[in-house]
Structures are given as C-alpha cells and as structure tokens.
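I opened a new page in the notebook for this chain.

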Amino acid sequence: MKEQTNILNSLPIDPLTGSISVPIYQTSTFVQEAPGVNKGFDYSRSNNPTRKVLEDTIARLENGTNGYAFASGLAAIDSVIKLLSAGDEVIAVDDIYGGAYRLFTHIYQKFGISVKYVDTTNAQNVADAITDKTKLIWIESPTNPTLKISDIAAISKIAKANNVLLCVDNTFASPVSQKPIELGADIVVHSATKYISGHSDLIAGLVVTATQELGDKIKFVQNASGAILAPFDSWLVIRGIETLSLRIKAHAENAQKVAEYLQSEKLIKNVYYPGLPTHHNHEVAKKQQKYFGGVVTFDLVIDDKKLATKIVTGTKLFKLAESLGGVKSLLCLPCEMTHKSTPAEKRYEAGVTDSLIRLSVGLEDADDLIDDLKQALAAAVAITNEKEAATV
Ligand SMILES: *Cc1c(COP(=O)(O)O)cnc(C)c1O
C-alpha cells in the first residue's frame with residue numbers, strides 16, 4: 001500500500017460513535033470503575049487517547065516501535081538527553097539546530113554531560129571522536145540552514161560497533177522523505193512544528209524509538225518531566241499528517257524549481273539544496289531520501305547584510321519569518337534571526353554568511369514564487385547599481 005493511502009487508512013475510526021475524525025479528548029482525568037481499574041487511561045499527563053493516536057501514527061510512519069508527543073521539538077530533544085547520566089559524552093553534528101546547541105551547552109553541560117561537535121558529513125570524523133564515555137551520537141540530515149547531508153547508515157554502523165545510541169533529528173526531511181530507523185538509527189526526533197503539522201499554527205515535538213525498551217525509557221521521562229502535547233494540538237498534528245506525503249512531494253517539486261532558478265542568477269554565489277547535483281553529498285541524499293525537502297538556502301556574490309535585507313524585505317509571497325515547513329512560503333536572514341546569538345566567526349565556519357538567505361518553499365505555484373524572487377533580486381540589484389554609479 002502507498003504511504004498516503006496507508007496514513008489515511010490507518011487512522012482509527014472512533015469505536016464509540018463512528019466519528020471519522022479522531023475525537024479530541026479534552027480531559028485531565030478518567031473515571032475508574034474501581035481503584036486502579038480503568039480503560040487504559042488514568043491521567044492525561046501519563047496518557048491521553050487523542051495524543052495516543054498521534055503517537056501510534058508517528059511510530060508507524062517512522063517504522064519504529066513507540067512514539068511520544070511533546071509540547072515542542074526542544075522538549076522532545078530534552079527527553080532523549082535525559083536518558084544520559086553525568087559523565088556521559090555526546091557526539092553531535094557541528095551544524096546542529098541552535099536550540100539544541102543551547103540546551104546541550106547551557107543546561108546539560110552543568111549536569112556533567114559533555115558534547116563534542118564534529119563534522120558528521122564525513123562518517124570517519126564520528127568514528128574518530130568516539131571514546132569509552134560516548135553514549136549518544138546526535139545528527140541532523142539535512143541540517144539547518146546549509147542543508148549538510150550525513151550518511152545515516154554509515155554512522156549507524158559506527159554507533160552499533162561501539163554500542164552507542166544514534167539519534168537523528170529528522171525535522172528537515174520528514175518521515176515521508178527519510179526513515180532513519182530503517183537506516184539503523186535508534187531514536188528519531190522531530191520538531192512537528194515544521195513539516196509534520198505543516199500549517200505554521202502550533203509548536204510540537206515527537207520522539208520515535210526503534211525498540212520497546214528505549215520506548216519505555218522515553219515514556220518514563222515524558223511522564224516524569226511532563227512536557228506533553230495537549231489534546232487539541234495533538235489533533236492538529238494528526239490533521240497535518242493526513243496530507244503529509246502530498247505536501248512533502250509538492251514542497252520538494254517547488255523547491256527543486258526554485259533552486260534551479262536561483263543557480264541561474266548572477267547575484268547569487270552558492271545555492272544549497274540537496275536535490276542539486278552540485279550539492280555536497282548529493283549522492284548520499286539520493287540514497288537515503290525519497291524527496292529533497294522544501295528548504296533552499298543561498299548567499300550573494302556581494303556578502304552584504306544590507307543587500308540581503310533589501311531582498312528579504314522585498315518579496316511579497318515569501319513572508320519574512322522564522323520557522324519553516326508550512327504551506328505558506330517563508331524566508332529569513334539567519335545572521336540576524338535564527339543565528340543572531342552565534343558568534344560571527346563560528347557562524348562563518350558553518351557557512352552562515354551575512355548575505356545567506358534561507359527559503360522555506362511553500363505550496364504556492366512555483367512560477368509565482370520564482371517571479372517573486374526575481375523581482376526582489378532585481379530591486380536589490382538596481383539599488384546596488386545606483387550606489388556604484390554614485391561612487392564612480
Ligand atoms: C525547529 C527545530 C527544532 C526545535 O523545535 P521547536 O518545535 O521549535 O521546539 C529542533 N530541530 C530542528 C531541526 C528544528 O528545525
């Protein structure tokens with residue numbers, strides 16, 4: 001059965017009423033027949049029927065055993081780090097999501113968990129960094145914002161050989177494009193705020209485990225720490241998932257067209273998109289991803305923040321905002337927005353120059369999106385030309 005059919009067909013029909021839409025169980029507690037005798041639910045932090053449908057659905061989509069829904073992507077990440085103890089070491093992708101970096105460095109370092117950041121686009125770097133204290137390898141592929149690709153199967157082999165857990169933040173790919181557990185990962189996390197919910201209308205996070213044993217440990221943290229997703233937001237994420245595979249395909253088709261157009265623009269220096277044959281590790285992306293995603297990033301031949309600002313404020317369809325993965329196109333200037341707190345030197349090392357612009361290509365018509373970028377780039381060029389004329 002094709003994935004889209006499977007998603008729609010496997011969402012349960014409410015056994016009580018036949019409701020085709022998953023009911024929202026907006027309740028804190030469940031009445032018991034006798035002390036400890038219940039219908040599988042006792043308190044909504046521990047378990048809630050609406051959240052459970054979402055959790056089972058994401059587990060199925062990622063081909064894992066267990067799924068868990070959290071109040072944000074960061075709460076999901078936090079639950080995985082809580083599996084570790086003081087003295088343990090993590091090896092993480094150097095291009096890691098800024099919020100994960102902040103959590104690892106400014107919260108967990110304090111509790112004795114250390115993190116080594118390495119360039120995981122070469123799996124050998126991961127092997128070289130492992131010590132007997134390493135307990136977890138943390139990768140994202142593609143990364144934000146330059147869409148670096150790491151070979152999940154190769155890194156999972158290294159993890160298994162050293163008895164280390166591998167967790168993949170699969171936010172940028174989505175389970176429709178990439179299934180890390182099938183490639184050997186132990187845990188997958190998502191910011192469901194992005195593609196999985198897909199409509200820029202909520203904050204949510206998900207964790208999927210490859211084994212029941214790991215699932216039980218995450219479940220323990222979820223209940224003990226309490227950062228669960230509310231019933232209504234769980235329902236909204238389920239509704240997003242109903243169209244996930246259609247959206248991911250459409251995002252990728254649009255993004256490919258936008259990326260190819262950007263490559264033809266003289267003002268643009270680098271275009272980052274895993275679907276371009278010129279993209280570093282494009283062959284690895286082709287091997288492990290079904291689609292190449294909806295994020296396209298580029299920078300300018302003149303590395304000038306003012307010029308880039310002119311572009312990001314000059315588009316009409318692409319709205320200037322943080323986040324990604326929604327049906328409406330967004331763009332942002334990472335140096336002033338998502339990466340503002342990263343020191344300039346470190347930022348440049350990651351390729352995040354002053355003129356780097358990240359697009360979240362939405363589901364508008366691709367030609368309209370390209371026209372929008374064309375006019376914004378032309379307006380920026382006109383200003384540059386005027387300035388040059390004035391200085392001659
Ligand atoms: C947004 C994002 C997160 C954090 O998710 P929130 O839902 O904002 O907490 C984590 N990882 C990646 C790759 C993200 O893009």
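The entries below follow the order in which I looked things up.

**Entry 1. The whole chain**

I noted at the outset that this is a predicted model. I listed the secondary structure and found 14 helices and twelve strands. I then looked up the radius of gyration, which is 22 Å, close to the 21 Å that the globule rule gives for 392 residues, so the chain is as compact as a globular protein of that length. Along the principal axes, the C-alpha atoms fill a box of roughly 85 × 50 × 35 Å.

I looked up burial next, and 54% of the 392 residues count as buried. The accessible surface is about 17200 Å², and carbon and sulfur atoms hold 55% of that surface. For contacts with a separation of 6 or more, I wrote down that 72% join residues 24 or more positions apart. I also looked up the charges: there are 40 positive and 45 negative side chains. The centres of these two sets lie 2 Å apart.

**Entry 2. Helix α6 and what it packs against**

I asked myself which residues of α6 are buried. In this helix, which covers residues 152-161, they are I152, I155, S156, I158 and A159. Seen down the axis of α6, these residues fall within an arc of 160 degrees, so they line one face of the helix. On the face turned away from the buried side I found the exposed residues K157, K160 and A161.

**Entry 3. The loops on either side of α6**

I looked at the loop between β4 and α6, where P142 lies. The peptide bond from S141 to P142 is cis, with omega near -5 degrees. P145 has its place in the loop between β4 and α6 as well. The bond leading from N144 to P145 is also cis, again with omega near -5 degrees.

I moved on to the loop between α6 and β5, which holds N163. N163 is not a glycine, yet its phi is positive, at about 60 degrees. Is N163 buried or exposed? Its relative accessibility is 72%, and the cut-off for exposed is over 50%, so N163 counts as exposed.

A285 has a relative accessible area of 0% and is buried. Not counting residues up to four places away in sequence, A285 touches I149, P274 and F292. I also checked A285 against L359: they are 74 residues apart in sequence, and their C-alpha atoms are 19 Å apart in space.

**Entry 4. K194 and its contact S323**

I looked up K194, found in the loop between β6 (187-191) and β7 (205-209). Its relative accessibility is 10%; the cut-off for buried is under 20%, so K194 counts as buried. I asked which residues K194 is in contact with, leaving aside its neighbours within four places in sequence. They are T171, S323, L324 and G325. P274, which came up in the entry on A285 as one of its contacts, is 80 residues from K194 in sequence and 18 Å away in space, C-alpha to C-alpha.

I took S323 from the contacts of K194 and found it in the loop between β10 (319-320) and β11 (330-332). S323 has a positive phi near 80 degrees, in a residue other than glycine. At 27% relative accessibility, S323 counts as partly exposed.

**Entry 5. Helix α12**

I repeated the helix check on α12, residues 305-312, where L307, A308, I311 and V312 are buried. Down the axis of α12, these buried residues fall within an arc of 135 degrees, so they line one face of the helix.

**Entry 6. D78 in helix α3**

I ended with D78, which is in helix α3 (residues 73-81). D78 is buried, with a relative accessible area of 15%. Apart from residues up to four places away in sequence, D78 touches L103 and Y108. I also looked up A100: it is 22 residues from D78 along the chain, and their C-alpha atoms are separated by 8.4 Å.

Notes. Residues are numbered from 1 along each chain as its sequence is written. This is a predicted model: local features need pLDDT of at least 70, side-chain atom pairs count only at pLDDT 80 or more; totals for chains, interfaces and linings use all residues. Side-chain values use heavy atoms; hydrogens and water are left out. Helices (H or I, at least four residues) and strands (E, at least two) are DSSP runs, numbered from the N terminus. The radius of gyration is taken over C-alpha atoms; the globule rule is 2.2 Å times the number of residues to the power 0.38. Buried means under 20% relative accessible area, exposed over 50%, partly exposed in between (1.4 Å probe, protein chains only). Contact means heavy atoms within 4.5 Å. Accessible areas come from the Shrake-Rupley method with a 1.4 Å probe; for residues, only the protein chains shown count as cover. Lys and Arg count as positive and Asp and Glu as negative; His and the chain ends are not counted. The place of a charge is taken as NZ of Lys, CZ of Arg, CG of Asp or CD of Glu. The arc is that of the directions from the helix axis to the C-beta atoms.
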